[in-house]
Amino acid sequence: MKKIVISLLLLFTLSGAQAQIGTGFGVNMFLSADAGASMYSNRYNDNPVGFSGGISVGKWILTPLAFRVGFDFKTIPSTYQGLSYTSSFAFADAVFLWDFTSTFFRTRNWRINVYPMIGLGLAYRAGVTVGNKTFGTDHEFQTMLGLHVPVRIGNHWDIFAEYKCRFLPEAFDGSNGDVYLHSLTGGFTCRFANSPFNRHTEYESRGTDEDWFFGVGIGPNFSSFTFTNLGKADMYGVAPEVMFGRNYSNFWTIRFQLGGLTAHEPYDTINDEAGESYTFSTLHADLMVNLTHALKFRRGKKLNVLPYLGAGAIWRYDDLKFDMAADAGIMFRYYVGIHSDFYVDFKYTMVTPRIGGGTGPESAVGGSALKPAQFWVGLPSLTVGYIYNFGHSTTRYRLPAHWCAD
């Protein structure tokens with residue numbers, strides 16, 4: 001299931017880019033390679049350091065947004081082996097880079113820049129042998145936050161420094177509790193058909209003050225463990241949310257959302273009652289695509305359908321725990337006025353078992369060992385709310401070509 005999610009992420013973005021890259025598919029593409037050091041942080045190893053290297057290919061799909069697909073290789077001691085051995089790890093990522101200077105300033109061709117990164121992908125650890133016992137391969141879902149700092153040294157070349165922090169499931173590689181893998185690398189980027197002043201697509205926002213919005217909403221969520229006990233009313237919680245974002249074009253929207261309030265640990269089948277209640281919050285970034293205008297901008301369409309994928313932080317307040325979460329969903333946004341929209345949002349937030357307080361079905365790993373399948377621990381939610389659009393809005397709705405006032 002996790003592989004399906006990542007595959008859908010790639011298809012979701014690449015298909016959208018193919019449909020909405022007004023400058024042509026080969027323009028503003030890039031190839032990067034890097035190498036450096038990695039550090040494995042978990043409760044069993046004393047932060048061992050090893051090698052990290054990678055390669056990626058990507059494209060600027062909007063003036064402020066690039067998408068890339070990357071592969072990283074690392075050699076570092078496994079949790080099973082202690083500090084005296086070296087294991088091989090591999091990571092595949094779908095990553096978004098945000099050029100925030102072009103979001104808030106008109107200058108788009110700075111020699112030195114800083115791009116925040118957020119990514120989703122898969123982690124893989126090759127099989128390891130400890131004494132006479134062999135542990136099989138391990139693979140899991142992982143999320144990533146990082147910074148990419150490029151320095152332009154020519155018309156088609158950059159050198160860069162990059163930091164990544166990967167958030168891994170607590171049971172990955174036989175660990176327990178917080179599991180992070182840090183890397184600090186340096187490398188180079190080759191830019192093909194580079195046109196920094198022509199990254200925009202058709203119907204993209206032209207001014208830095210256009211097409212921003214703010215929204216509030218509320219609705220129920222459900223504490224899901226393999227979607228059991230859907231009929232148990234006391235397993236539902238309250239999910240208020242606030243959002244802030246921008247419609248960068250008729251097709252691409254980016255939003256930041258803060259939400260969450262109450263949820264439950266697994267259902268108590270012995271006492272026939274909901275699991276322990278807890279309070280939480282999640283802060284995530286979502287990339288949304290507007291299917292209503294997927295092929296071309298359609299005037300006079302008030303209903304916009306926006307599927308999305310995202311990732312961000314989640315934390316509990318009772319016994320403070322922090323981790324990363326991934327989310328996916330679909331938002332229906334209806335135009336009611338120059339500044340106003342109503343929306344309905346169906347979302348599934350995948351959380352780690354240590355945040356949700358329970359596990360999904362167990363899967364085989366490391367030979368005969370078992371661990372929870374992380375995808376099945378989540379918080380599906382339904383939210384109804386209101387969106388206020390600031391200033392001039394050019395991308396979400398336009399009057400029919402032959403419309404005239406009475």
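Predicted model: local features only at pLDDT ≥ 70, side-chain atom pairs only at ≥ 80, totals over all residues.
Over the ring of which residue does the charged end of Arg255 sit? The charged end of Arg255 sits over the ring of Tyr308, 4.5 Å from its centre.

**Confidence**

The protein chain has an average pLDDT of 81, and 80% of the residues score at least 70. Among the elements of the chain, strand E11 (residues 212–218) has the highest mean pLDDT, 96, while helix H1 (residues 2–19) has the lowest, 48. Across residues 1–11 the pLDDT stays under 50, and the model gives this stretch 18 contacts beyond four places in sequence. Residues 364–369 also have a pLDDT below 50; for this stretch the model has eleven contacts beyond near neighbours in sequence.

**Strand pairing**

Strand E8 (residues 138–152) pairs with strand E5 (residues 115–125) in the antiparallel sense, over eleven bridges. In this part of the model, Ala123 stands opposite Glu140 of E8. E8 is also joined by ten bridges to strand E9 (residues 157–168), and these two strands run antiparallel. Gly146 has Lys164 in E9 as its bridge partner. With four residues between them, E8 and E9 form a hairpin.

| Partner of E24 | Sense | Bridges | Facing residues |
|---|---|---|---|
| E11 | antiparallel | seven | Ile218 and Val384 |
| E13 (residues 224–225) | antiparallel | two | Phe225 and Val377 |
| E21 | antiparallel | eleven | Asp345 and Thr383 |

As a general point, the side chains of a regular strand alternate between the two faces of the sheet.

**Nonpolar cores**

The largest nonpolar core contains 20 residues, and those with the most contacts inside it are Leu65, Phe96, Trp252 and Leu287. Two or more residues of this core come from each of strand E3 (65–76), strand E4 (87–98), E5, strand E16 (252–259), strand E18 (277–289) and strand E21 (340–350). Leaving aside residues up to four places away in sequence, Leu65 touches Lys59, Trp60, Phe96, Leu97, Ile254 and Leu287. A second, separate core has 14 residues, including Phe222, Phe280, Val377 and Leu379.

**Aromatic residues**

The model has 15 aromatic pairs. One of them joins Phe167 and Tyr180 in an edge-to-face arrangement, with 5.4 Å centre to centre and 90° between the planes. This pair links distant parts of the chain, with Phe167 in strand E9 and Tyr180 in strand E10 (residues 179–192), 13 residues apart. Phe167 and Tyr180 are both buried.

Phe251 and Trp252 form another edge-to-face pair, at 5.0 Å centre to centre and with 90° between the planes. Are Phe251 and Trp252 buried or exposed? Both Phe251 and Trp252 are buried. Trp252 is also among the residues with the most contacts inside the largest nonpolar core. Finally, one aromatic cluster is formed by Tyr40, Phe89 and Phe172.

Key: Residues numbered from 1 in each chain as written. Heavy atoms only, no water. pLDDT = per-residue confidence, 0-100. Contact = heavy atoms within 4.5 Å. Pairing = 2+ DSSP bridges. Core = buried A, V, L, I, M, F, W, Y, C linked by side-chain atoms within 4.5 Å. Buried < 20%, exposed > 50% of the residue type's maximum accessible area, 1.4 Å probe, protein only. Phe/Tyr/Trp six-rings, centres within 6.5 Å; stacked < 30°, edge-to-face > 60°. Lys NZ or Arg CZ within 6 Å of the ring centre and 35° of its normal.
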